[in-house]
Amino acid sequence: MWPILFSFGFLTVRTSLVVLLLGFLVAGFAFWCRGKEEHYSEIQLFDGLVLSFLAGAVGARLGFIMLHFDQFGLNLFQWLDLVNSPGSLDLMFLVSATYFLYRFALRKKWDAFEVLDFWALSLSLWLMFSSLADFVAGTGRGKFTDLFIGVIFPGSIEKTHPTQLYFALFYLLLSRYLVWAESRYRIFEWYRMGRKSAQTGFLISNFLIFYSLFSLLMLLFRLPEFVIGSWSFDWLLYLAGMLVGVRILLRRSDKSFLPLSFKRRFERQDDEVLP
């Protein structure tokens, strides 16, 4: 591992911080490019992006603190001490940031699902860099293993699964898939269902489905994060995320198979979202 990039006197620059900054720039540039192509306000796009990241960072940190409240207590200084008491939850970042951006897009009278499609690609890039940052910092390691792929992280004497690299590779492949699908999903007949043009929301729904499925698979190689007492809720949360993704995919494609009452309710929700 390479936790410290360089140290000069009192100045210490951590490698993970540099990786996260690079990830923010790459993800932000991808988001900005997509929004600019669709003629959204560049200033408002930037505001939404930054505020969403801030909301996600706060949600990720607070979620971690609540799950480890016995370690943090009411010590606000320890809550803010990311160097000596690091810790955050990617799932909470995803939920907090995505929900904030969704509400932000609605307030701006944008096509919220189109904005979330831009966000899905940005998220996959950001999470790839975030996973790499965890790897160089030696956090988020997996279960012990004797396999050749195992890595001995600082502070450990046994090899563990480098699940951070598993996730980084997955997010890289997911981002490539989303780029491929972005230019093609509008001609998928099964998604258009006879419409002249496909509705937005395909990318964010696919992101949620694949993210949740892969996270469920990775529970075989890493310890659960959402533990209360002796109960682990990771599988339940990821299953819920997958169902949300499927629901969005079905809702944004065809509603004819739904009962009339549900169809009307979904159409009213769509009207609220579309400008």
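This is a predicted model: local features need pLDDT of at least 70, side-chain atom pairs count only at pLDDT 80 or more; totals for chains, interfaces and linings use all residues.
Residues are numbered from 1 along each chain as its sequence is written. Local features require pLDDT of at least 70 and side-chain atom pairs pLDDT 80 or more, while totals for chains, interfaces and linings use all residues, and side-chain values rest on heavy atoms, without hydrogens and water.

The chain contains eleven helices and four strands, taken as DSSP runs numbered from the N terminus (helices H or I, at least four residues; strands E, at least two). Of its 275 residues, 46% are buried (under 20% relative accessible area; exposed, over 50%; partly exposed, in between; 1.4 Å probe, protein chains only).

The structure holds 29 aromatic pairs (centres of Phe, Tyr or six-membered Trp rings within 6.5 Å; stacked under 30 degrees between planes, edge-to-face over 60, otherwise tilted). F100 and F104 form a stacked pair, with 6.4 Å between centres and 20° between planes. Both lie in helix α5 (residues 90–107), four residues apart. F100 is partly exposed at 25% relative accessibility, whereas F104 is buried at 7%. Both belong to one aromatic cluster, whose members include W110, F118 and W126.

A nonpolar surface patch of about 820 Å² comprises I228, W231, F233, W235, L236, L237, L239 and L243 (residues with over 30% relative accessible area and no salt bridge, nonpolar side chains joined within 5 Å, like charges within 9 Å). Helix α10 (residues 234–251) contributes the most, with five residues. L243 lies in this helix and is exposed, with a relative accessible area of 52%.

Definitions and conventions:
Accessible areas come from the Shrake-Rupley method with a 1.4 Å probe; for residues, only the protein chains shown count as cover. A salt bridge is a side-chain nitrogen of Lys or Arg within 4 Å of a carboxyl oxygen of Asp or Glu.
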